[in-house]
Amino acid sequence: MQEKLIEQILETLTLEEKSAMLHGATFFRSGAVEGKGIPAVETSDGPMGVRNEFPGDSWFPVGLSDDFVSYLPSNSALAATWNTERAYEAGQVLGEETRGRGKDVILAPGINVKRDPLCGRNFEYMSEDPFLIQELTVPLIKGIQEADVAACVKHFAANSQETDRLWVDTVVDERALREIYLPGFEAAVHRGGTYSLMNAYNKLNGEHCSESKALLNRILREEWGYDGTVISDWGSVHTTVQAAESALDMEMSVTTNFDEYFFAKPLIEAVKAGEVSEEAVDEKVRNILRMMLRLKMIGPKAGERKQGAYNTPEHREAIKATARESVVLLKNEDGLLPISPERLEPGDPDALTGYRKKKRIAVIGRNAEHMHSGGGGSAEIKALYEISPLLGLKMVLGGNVDIRYAPGYFIPGKKSVNEANWQETSLERQVNRRTDREETEEEARQRQEIEKHREILREEALALAETADEVIFVGGLNHDYDVEGWDRDSMVLPYAQDILIEELLKINPHTIVVMVAGSPVEMPWKDMAKAIVWNYYAGMESGTALAEVLLGRVCPCGKLPETFPALYSDTVTGRNGEFGKPEKVVYEEGIFVGYRYYEKEGVRPAFAFGHGLSYTTFSYDNLRVETARGCSAQGDLQERIIKLSLDVTNTGSMAGAEIVQCYVGDVSCSVERPAKELKAFTKVFLEPGETKTIDLELSRGAFAFYDTERHGFVAEPGEFVLSVGGASDRIWKQETVTLA
Ligand code: GLC
């Protein structure tokens with residue numbers, strides 16, 4: 001029925017009308033065909049909420065007052081929850097907000113693999129592990145599309161650095177592509193049913209992703225059977241004929257010469273000149289019409305399309321819940337955390353006056369009050385509000401605690417705000433990272449000025465810390481460093497934070513160190529600090545959630561979705577130099593990304609993939625492994641062949657949640673494989689003393705690797721070790737199973 005209607009509509013369209021549907025008529029909208037009842041497709045960024053309104057042909061935001069929106073946790077924060085239900089709920093929120101703002105496509109989620117800690121867009125992505133990416137991406141897409149909005153999974157594919165992102169040729173071997181970089185997208189298509197997908201800027205193995213027959217035609221369309229829409233990244237199309245022959249459907253860009261876009265007049269001329277078949281154009285129009293039907297924009301169900309709503313209280317509650325679950329307790333010695341109410345009780349009454357002196361908390365560090373929502377590049381959000389950690393602490397504690405703030409360090413201002421949006425010049429080739437150019441005279445002078453100012457701020461903060469009962473440092477990064485279009489040039493904390501942290505720890509060894517950032521940083525003070533808390537950019541309620549965790553209202557249950565290397569020089573790319581280069585980057589490490597690499601090389605990270613502590617304790621008993629009859633290596637990869645059961649008990653005094661992870665290791669294989677790989681996990685919430693039996697299932701595919709001879713996933717017979725634990729470096733139980 002749907003296909004018949006598509007053909008009927010297609011027949012009524014002229015070549016010009018078809019072309020209008022295939023490219024931007026404004027920056028975020030495709031062309032409509034008014035006379036034929038075909039609407040424009042309204043797209044909007046981004047993964048953390050619906051971006052502010054731009055006029056059609058200018059990067060100066062319109063400056064409305066009705067495009068303040070909910071500011072959701074970043075995908076990194078969502079991934080730190082390891083909670084597929086939160087992912088589904090986040091999708092519902094994002095979808096409803098998108099529909100509420102009258103948009104049809106949300107340009108999210110970004111699911112590129114966190115291959116290197118310095119990638120500027122890591123904050124927008126989920127993980128270094130393809131399984132965790134898949135398991136969170138699928139429900140996220142389903143949630144979004146329930147609102148009659150298309151998810152647009154990006155950036156397809158292997159877009160894991162920002163340096164020279166429009167032109168860099170990313171060279172990835174087939175096995176790494178299939179086992180690490182494509183699975184998230186394949187799950188988005190096959191299990192998430194995504195209605196759209198965005199090709200990446202970079203080249204993949206020599207071809208621009210927007211024009212790659214290997215990627216778009218052979219893999220996406222033919223092998224995966226994808227019948228949704230492919231939308232180009234903005235300005236990622238470079239030809240007419242080649243792109244038209246590839247499976248790209250809609251060209252978007254950042255320039256205002258809309259009629260000159262490759263899929264505009266040039267495409268019409270190419271068809272008339274016989275260089276491009278009209279059938280190729282028709283196929284693209286079909287994919288867009290199919291998306292419109294699925295979104296109930298047209299067709300028999302057009303009247304039933306969801307309305308959506310934005311800035312609802314329910315959305316904010318969901319956002320807060322995810323933010324709470326995203327906080328990762330990295331270290332907590334001597335029970336320093338939580339800061340219990342008793343510790344904040346006012347002092348004994350004065351003998352004469354009865355006055356009880358308030359306890360003082362020194363909150364130090366600019367990230368205690370820095371607003372993050374307006375930065376990051378296309379993921380920028382005009383948030384209805386954003387609760388900072390400082391405000392969160394004050395809201396939770398009220399006036400009976402004397403909370404004092406000192407910035408502690410200085411963040412140099414950015415360019416003047418009245419410049420057009422950065423995106424206007426985003427197609428200019430940016431090939432050198434920050435440090436490549438020489439420092440000018442003026443910059444040297446400014447640096448000395450800043451250094452002097454920093455010392456003053458540091459002294460002020462240390463003086464405050466001397467007087468406080470509790471010291472909380474809130475530092476980390478911001479969207480000057482976690483930002484689209486740029487990679488960091490090191491993992492060292494900027495603004496001389498390390499010195500300040502070390503000085504604070506000398507003054508008060510019980511200083512609590514909180515990092516707010518979108519990607520790992522080196523922590524030279526890690527052994528000095530007794531308590532370290534990690535907070536990805538977690539949306540408009542992140543400050544509330546952080547305060548609730550620090551003060552023990554909420555038990556932390558987040559776990560790292562990526563490895564935190566101790567030093568950048570420990571990373572494979574820090575060693576092989578194959579990151580952040582312009583022109584060409586070879587993924588020499590192949591499948592050994594993240595913990596797969598560190599375990600292979602025996603490199604101890606600062607904090608391991610899957611690591612995260614709790615205020616309560618758990619016990620793990622009674623691991624049972626059931627193998628299906630004929631548990632053989634041959635057969636359908638989807639077939640569940642192993643079932644694990646485990647009893648988890650909350651042995652502490654506080655309600656909490658544990659994330660049970662199951663890794664599979666191939667004892668002997670004809671090809672080199674990682675020591676173990678995440679293949680199942682579940683999150684279990686437990687009251688004090690409560691025990692729950694959790695079940696994990698493994699399909700045959702959990703044992704398979706990609707065989708480049710047979711161009712397919714295969715599981716070899718033999719022994720496999722199942723490792724069950726609360727982190728990749730905290731395995732409680734192991735069982736060996738044999739595939740016949
Ligand atoms: C940007 C980003 C992409 C974004 C698009 C529209 O350059 O790469 O993620 O959705 O263009 O702003």
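I call a residue buried when its relative accessible area is under 20%, exposed when that area is over 50%, and partly exposed in between, using a 1.4 Å probe and the protein chains only.

I note that this is a predicted model, in which local features need pLDDT of at least 70, side-chain atom pairs count only at pLDDT 80 or more, and totals for chains, interfaces and linings use all residues. Residues are numbered from 1 along each chain as its sequence is written, and side-chain values use heavy atoms, with hydrogens and water left out.

Asn508. I looked this residue up and found Asn508 buried, with a relative accessible area of 13%. I placed Asn508 in the loop between α15 (497–507) and β15 (512–516), where helices (H or I, at least four residues) and strands (E, at least two) are DSSP runs numbered from the N terminus. The side chain of Asn508 comes to 2.7 Å from the backbone nitrogen of His510. Setting aside neighbours within four places in sequence, I find Asn508 in contact (heavy atoms within 4.5 Å) with Ala468, Asp469 and Val471.

The ligand. I then turned to the ligand, which 15 residues surround (a heavy atom within 4 Å), the closest being Asp45, His155, Tyr201, Asp233 and Gln423. By class, I list five nonpolar, three polar and seven charged residues in this shell. For oxygen atoms of the ligand, I noted a polar side-chain atom of Arg51 at 3.3 Å, one of Arg165 at 3.4 Å, and an N or O atom in the side chain of Glu484 at 2.9 Å. Taken alone the ligand exposes 310 Å², of which the protein buries 100%, with areas from the Shrake-Rupley method and a 1.4 Å probe.

Terms used: Polar contact = N/O pair within 3.5 Å; in protein donor to acceptor, adjacent residues only side chain to side chain. Nonpolar A, V, L, I, M, F, W, Y, C, P; charged D, E, K, R; others polar.
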